[in-house]
Amino acid sequence: MPPSTTVKLPAQLVRQLHSFRRRLRTVKMLEAVCLAGIAVILSYVLLYLSDRLWETPSAVGWILFFTAMAGLAVFIPWWSFRWVWQRRTEPQLARLISRTDAALGDRLLGVIELDSEKYGRQYSSEKLKEAAMEQVAREVSARDLTVNIPRPSHKKLFVLLAILALCTAGVCLVSPEAAGNALERWLQPFDPPERYTFTQLDPTPDSLVIPLGESYLYELKLADATKSRPQTAEYFFRNRVRQQAPLTDGAYKIHIPPMQQADRLEFFAGDVVRRLKIIPKARPSLLGATATVAYPAYMARPDGQEAMRAGVISAPEGSTLTLKVTASQNLASAADAQGKPLRVEGSSVVIPDIRLEKDPREIELTWTDSDGLATSQPVRIRLEPIEDKQPSIYLRGGENDRYVLEDTSIELEVEAADDFGLREMGVEWQGEKSFYDDEEENAAAPDPAKAGKPVPGLRGEKVLADGHPTQASLKGTYLFQARALKLSPQRVVVRGFTQDYKPGGKRVYSEPMIIFVLSKSEHAQMIRNELERITSELEGMIRRMDAMTDEAKRLKGMEGSELKKAESQERLHALADEEQTNRRELSDLLNRSEDLFKEASRNPQIDPSGMKEFMKGISMLKPIPNGPMKKAQKQFRDSASENRSEQESRKDLDDGESSHSDATQALKDAMNQLSKSAQDMEASTFVARLKQAAAKEDSIANALAGQINIIVGMTMDELDPSTKREMETIATLQNASTQDIGWILEDLSYYKSRTGERIYSDLYNQMNAFSLREKLDLVHGNILNAITARSIDESRLYASTLRHWAKLIDDYKKSRGGGGGGSGGGDQASISDAEFEFMLKIIRMIQQEQDIRMRTRAAEQEHRKTLTPPVP
């Protein structure tokens, strides 16, 4: 702070300086206030004008706001500091005056310095000081110091401020909404409200999601409060031509072209500007659907899941479905075909409690995703009811028709399947009406206590596996053995069965398998018949091979180069091909023969001598296909080769004809051996067949004896229905026995003609003279007429006669030492009869052991089932 004066200035001069200072402060403070006001009003006006032209950026708003704040926070304090604080003392005022009037300012400054302590000490005379001060005071008193205020512009600034204020007031009166909005935006640059425009549109989002790759029509509607309604608006996309949109029905329609990438839309209508980010996006599409299925109660199944396949969900009839349809993106809403809202969970639509009846139904729904995109067309899901169909079952065990001995075991495979669970699986068998009898190889007559009784065909079943509502397939094996099931030789129908859980559902059966359970004599007859078929086929093959021999000889007789001609070469190739065919057929016959021998070895009733001849015939057949026949085939083929000379071809043809002849002769020898075996088997079967016929007649007699006390003295019409049915059954069996006797006579007629042995001719003549078939027919008629006592006597008489004839053949065979022919082997080495019989016993023991193993395995499987807990 400058030092104060020691001698006071003249009062008039001091008053003038103070008056100057007051005026200076007033003028400069007015200027500061006006400048601040102008800055504030101008900032507001600029914002108002900017808002009329465009959407004022926030940075501009901040600049304008800080400009106004600078006017208030800078102009007044700085002006006050400059013109008040720095102009408060007399020296400061004198120096300010010197800027405009240097002489006056210097004199005032000099007087003020005389008055100060710092400079006044050099002047010792106080009077001189006072005189100088008075003189300057008189000069200054006549002058107006306020004219020395530097650049006074308060009036101009005030006028400018007033004009700006009036203009602003006018704007506020004309458009108070716009002015008020600008004021709010000016006062809140950090969070400005939306810009007011005279053209007002309904609210629009910052971004618009449109369908990917599709043109889109978007409307911007004028708001009801709009002051201006431009008839045309303009819009453009980035890097595209500006387009116009006319006002139609209070809205501007913008055609958005198909887009694959995001773009930006700028829209201008009057003073309003809208900018939207255009985002192309795929419509929400169907990804998949699953259904939680509550199955019908009878299925006893837990709820399951069924997925959609090819737009279809399948479920059993009567099920209740909870459908869950999944879209490709999150959904905002969904509705069915009637417009009823559906439950939405993220990107899925859940439709509960859909009852599936017999007829298919279609579920149709629409949805909208979180961005407002809807499906291009309704989503359709077809619900297809599945009928609970009958299960399927298969029975396998070889051929459909099987011929087996009653003590042979057959392993049958059973497999069942169902779509919705199996209750059980098993097999059943049904026999024909028959007798129980037990063939005894050396029995002269059946034991009356064990005599058969006519019974209806036995029926039985066995459940192999218990199912479960969720078990769709079952597999099992069943060991069929007639003797264990107490089935006498007869025709047995075996079927697999299964059942599902459908109410009212019945058992489903497989295709029947026919098993012919044969007695030992019937089995022996079957073996013999099959052996005769094999022999017959061998005979046909031999005839073909004889024809081939003739053809080879004709080719050998060709002269010169005729053998190398194309026609001859083709005939040679044909010979080689036919030889190959014969080899293949003979290999098949050999396999059949070996299988037949194995089957024949099961039957102890077949004469070992016939079996021995059979084995010899097989041994004779074995080397032929890969021996002379293969050699002949190669030689015929070599003879037809183009690379062979004529001489080499003729040699190959000669060798081939020789090999072929050897094969033919070997086949003839083997066929003769097999024919002899068949004759021996046939001779041995006559004894067994006659004994079996006698046993059946005894069984019929015993069966009639069991009914005689009930039917004595009654006619057939007077019988009880059950007794009458029993008598009809016995009559049917008697008729079958008569047919068997006829077949024995027919076979005996052929056999005696082939062999020429007197015993068979005598026996045939005795049977014809006895007229057994006609007498048995009479027995059949007596049974149907309830003439029981006579029928019993006659049946027993004819049974005794049949056993007598069997004994005649048996004694004749024993007298010939086991009959049926010689060794059949020529000079070939062979095993003795005793050794062969021992070998047959070993084979039968092995077969019995295999059968025991099969039954043991089946029993073990049954035991395991009892230990295995049921399927949960």
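**View 1. The largest nonpolar core has 37 residues, and Leu690, Met727, Met767, Ile783 and Leu802 touch the most other members.** A nonpolar core here is a set of buried Ala, Val, Leu, Ile, Met, Phe, Trp, Tyr and Cys residues joined through side-chain atoms within 4.5 Å, where buried means under 20% relative accessible area with a 1.4 Å probe, protein chains only. Helices H14 (646-711), H15 (721-755), H16 (758-770), H17 (772-784) and H18 (788-815) each give two or more residues to this core; helices are DSSP runs of H or I, at least four residues long, and strands are E runs of at least two, numbered from the N terminus. H14 brings the largest share, 10 residues.

This is a predicted model, so local features need pLDDT of at least 70 and side-chain atom pairs count only at 80 or more, while totals for chains, interfaces and linings use all residues. Residues are numbered from 1 along each chain as its sequence is written, and side-chain values use heavy atoms, with hydrogens and water left out.

**View 2. Here's Met767 and its contacts, setting aside neighbours within four places in sequence.** Met767 is in contact (heavy atoms within 4.5 Å) with Leu690, Ile744, Leu745, Leu748, Leu772 and Trp805.

**View 3. A second, separate core has 30 residues.** Among them are Leu586, Ile606, Met671 and Ala678.

**View 4. Three strands make an open, antiparallel sheet in the order E17-E19-E22.** Strands pair if DSSP finds at least two bridges between them. E17 (392-396) and E22 (473-481) sit at the edges with a single partner strand each, so one side of each has no neighbour in the sheet. E19 (residues 409-417) pairs with E22 over 9 bridges, and Leu412 stands opposite Tyr478 in E22.

Conventions: Buried means under 20% relative accessible area, exposed over 50%, partly exposed in between (1.4 Å probe, protein chains only).
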